[in-house]
Every structure is written in structure tokens, then in C-alpha cells.
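Hi everyone, thanks for making time for this one. I'd like to walk you through a model and talk about what its side chains are doing.

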Amino acid sequence: MPSSDAQLLATLRDLVAKQPATGRSALPDQQRITTKSHETVVRALRDANRKLQ
């Protein structure tokens with residue numbers, strides 16, 4: 001395995017280890033999506049899906 005692959009794997013394992021048992025994201029608060037933003041994205045995706053159907 002090339003060094004970059006090993007480094008990526010180590011980084012991923014570290015992130016998994018930091019994942020809280022509650023299933024919540026290990027992302028810092030300022031990087032998490034807000035409920036309002038999430039709802040906006042979901043609404044836009046649903047609208048796009050309806051148009052495609």
C-alpha cells in the first residue's frame with residue numbers, strides 16, 4: 001500500500017474513533033449543517049426529483 005493510502009487509512013480510522021457513540025458527527029459545530037440549511041437542501045432535491053420524474 002503506497003504511503004498516501006496508508007496515511008489516508010490512518011486518518012479515516014482516527015475519524016471513526018472520534019465518532020461519538022450517539023451517531024452524531026465528529027465535525028466541529030461551525031462545520032455542521034443547520035436544520036434550516038438541511039431542510040432547504042432536502043426541499044431543493046425533492047423539487048428537482050419531481051421535475052425529473
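Let me start with how the helices are named: helices are DSSP runs of H or I with at least four residues, numbered from the N terminus. Please keep in mind that what you see is a predicted model.

With that naming, the protein chain has two helices and zero strands. Now, which residues meet in a salt bridge? The side chains of R50 and D47 do, with 2.8 Å from N to O. The cut-off here is a side-chain nitrogen of Lys or Arg within 4 Å of a carboxyl oxygen of Asp or Glu, and by that rule the count comes to one salt bridge.

Where do the two partners sit? R50 and D47 both belong to helix 2, residues 35–52, and because they are three residues apart there, about one helical turn separates them. As for accessibility, R50 is exposed at 55% relative accessibility, while D47 is partly exposed at 34%.

Over to helix 1, which covers residues 3–18 and contains L8. Together with L12 and L15, L8 forms a nonpolar patch on the surface, and the three share about 280 Å² of accessible area.

Finally, the whole chain: of its 53 residues, 0% count as buried. The chain exposes about 5100 Å², and carbon and sulfur atoms supply 57% of that area. Thanks, everyone!

Methods. Residues numbered from 1 in each chain as written. Predicted model: local features only at pLDDT ≥ 70, side-chain atom pairs only at ≥ 80, totals over all residues. Heavy atoms only, no water. Patch = residues over 30% accessible without salt bridge, like charges linked within 9 Å, V, L, I, M, F, W, Y side chains within 5 Å. Areas by Shrake-Rupley, 256 points an atom, 1.4 Å probe, with all protein chains shown as cover. Buried < 20%, exposed > 50% of the residue type's maximum accessible area, 1.4 Å probe, protein only.
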